[in-house]
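My entries follow the display.

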Amino acid sequence: MGGTSAISILEEIILQTVRSTAPGEWKVLVVDEGSKKLIDAVVKEDDILELNVTNVEQIEERRPMNKDMDAVYILSPLPHIVDCVMADFERRRYRRSFLIWTSEGDKVFYKNANKDEANGATKESEISEKDKIWVTNRHLHMKDLLEKLVEDFKKFRAENPQFEEDAAQGQSSIGSINNIKDMLAGLPQFQAGKEAYALHLGMAQDAMDMFQARRLGDIASVEQSLATGLDEDYKKPKNLADQVVRLLDDEGVSASDRLRIIIQYLLYRDGLLPADTQKLLAHAGLPAQDGEVIHNLDLLGAHITRVLKDPRPVATTRASRMQPPPPDSDDSGLSRYEPALKTMLEDYIRGQLDQLNFPFTKPHLDASEGLAGGETLAQTSLRSAKPTWARTRPSTREPQQRIIVFMAGGATYSESRACYEVSEALNKDVFLATSHMVTPSLFLRQVGDLSVDRRRLNLPVERPKPRAPDHLFEREPPAPRPTQPLASGLPQGPRQNQQPPVAGMASLSVGGGHANGSANNHPLPTPPQSSAGSATIKLGKEKEPEKKKKHHFFSSRKDR
C-alpha cells in the first residue's frame, strides 16, 4: 500500500534536528533510556555519527566532562530526566547545550529458525518501513498474502533470467511456499532477494501453521456472525448456539479462544440467563476465575445477564450499513466485520460525521461542509494554489491531506488496518496514535484485573518514581598537587623505611671505646670541639647516673 510513513517522517525529523543544531560544530548526542529506544527504532547510529557527532552518550550513565564540546540532548519529558539535565548544567559538563524533548517507541523484530542449517540456528530480523515487502503486504489476509507472495516470486524469477535457468536445472516448480524456500536456499547469488523472501515466506508459513493449529478458520466464521449479526450470505445467522457449543467442545480450540467465544455470544445475545452461562463455562472446561472476567464485563457497560420474559431484544446487529459484496468480489467471508473507526473516518472525510458525538474543539467556519467542503474551497482558491509551471522538477507523489486519529486506552490491529484501507481508498494520509496496542489476550487480562485488589496490580502510577543516579551529583575529586622538586645533590627517589641503629648506639661510649671495655675495635675519632660537641658530651654525662643505677639494681638483685 502507498502513502506516507510516520516512521520515515520521524527519521527525517531526528536527522534534520541533529543536523541543524550547532551546524558545522562537533557535538555529543545525549539520550536517555526511553529516547534511545525511539531513536534506535527509526535511525541507524552510523547515520547520526555522520552529522558531526563524535559520540552518543546516555544521560543516566557515568560520562566524562567535556567542556570543549557542544551537546545535543534528545530526552524524554520525565521528572528524573529533568534532574539529570540540571545536574549537567550545574557542573557545566559541556560547552553549550541544546535541549529537544520527545516521546517513546520500540523496534519490531521477528525471530526465524533457519531450517537450512543443521544446528537450526535462530536469526533475528528487523521489520521496518524500509522493508518494501512488509509495507506492501502487512495488512493482507492470510489467503491473499500467500497468493501475492507466490505471484511476486514468479515476477522475481522473470526479472532474473539466471534464476530461471538455475531453477529449470533443478526441475523445481512453484507449487507451495516450501518449494519456493528450497529454490532460494540453493541460489546463493541472489542473496538480497533470498533473505527478503525467506524472511516473509517464513513469517507467512508460521502464521499459517498457527492459523490451522488453533482452528482459527472455524472460530473466525462464528465470530464474524456474532459481531455483525449476519452470516456469510449476509443474512440472519441460524443455529449460532449449536456452533458455539461445538467450538467449546473442540480440544483444538485454546482456553483463551473459548472464553472469548463465550463473551462474544453474551454480547450478541445482550445477556444470558445465569444458568445458561454456567452451561457454556462447563462445556468450555474453564476455571472459576474466568467467570470473574465475564462478570467484570458489567463494569464496562455490557449486559451479561437476562431475566425470564426480558423485554429487551434478543440480538443487536450492525447490518443496517453493511452491504453484500459484488458477485465478482473475492471476499473470503472472514473479514465482514469493520471497526467503528473505519466508519468514522469515512464519514469525516465525506463531511457526514455526527457533530454531536464528535464536536469541533474550535469554532468551525461551516461545520456542515466538513472536510469535503474545505477541500473544495481550497482547490478553487487561486491565492493559495501553487502554479504547476513553477515546479522545477516533477514530484513522484503529490502531498495528501493528513488525518491524525488518537485512540485513548489502546487500539487494535484491525483498527490500524482500517486506517491503511481508508488511506488507500480515499487518497488520504491517516495516522493512528495510541497509548498501546491491544491484543485479545491482553484485553481479557485487563478485564479480569478490574476486580483485583488495587495493591496487587502494580500500577505504573503507584510504582516508585525513578530518580536521577546519585553519581550525577557527586563532586569531582580535587586534582592532585604537583610534587615539589628535591634539592640538588640529594638522592632522588622514595626514602627507604629504615630502622634507626638503636642497638649499635647503645654500645657506644663517649670516650671512644665500647661500654663493655673491649679494645678489639678501633677507637672512634675525636669529635671537634664545638658548642654542639659540648652539649653532646654533657648529655652523655647526665645519663651516666642512670646507667650506674641500673647496674646497681641488677647487682643487688644478683647478691640476693
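These notes cover the strand and its neighbours, then the serine.

**Entry 1, the model.** I am working from a predicted model.

I looked up strand β3, residues 70–75. I found it mostly covered, with 6 of its 6 residues buried. I then sorted its side chains by direction. Asp-70, Val-72 and Ile-74 point one way. Ala-71, Tyr-73 and Leu-75 point the other way. Both sets are buried. I recall that side chains in a regular strand alternate between the two faces of the sheet.

Which strands pair with β3? I found β1, residues 27–31, joined to β3 by 5 bridges. The two run parallel. In this pairing, Lys-27 stands opposite Asp-70 of β3. I also found 5 bridges from β3 to β4, residues 97–101. This pair runs parallel as well. Here Ala-71 has Ser-97 of β4 as its bridge partner.

I traced the chain from β3 to β4 by way of helix α4, residues 79–91. The three elements make a right-handed β-α-β unit.

I placed Ser-423 in helix α17, residues 413–426. Is Ser-423 buried or exposed? Its relative accessible area is 13%, under the 20% cut-off, so I logged Ser-423 as buried. Leaving out residues up to four places away in sequence, I listed its contacts as Lys-428, Asp-429 and Val-430. I also checked Ile-403, 20 residues from Ser-423 along the chain. Their C-alpha atoms are separated by 9.3 Å.

Definitions and conventions: Residues numbered from 1 in each chain as written. Predicted model: local features only at pLDDT ≥ 70, side-chain atom pairs only at ≥ 80, totals over all residues. Heavy atoms only, no water. Buried < 20%, exposed > 50% of the residue type's maximum accessible area, 1.4 Å probe, protein only. Helix = DSSP H or I, 4+ residues; strand = E, 2+ residues; numbered from the N terminus. Pairing = 2+ DSSP bridges. Right-handed = clockwise from strand over helix to strand, strands pointing away. Contact = heavy atoms within 4.5 Å.
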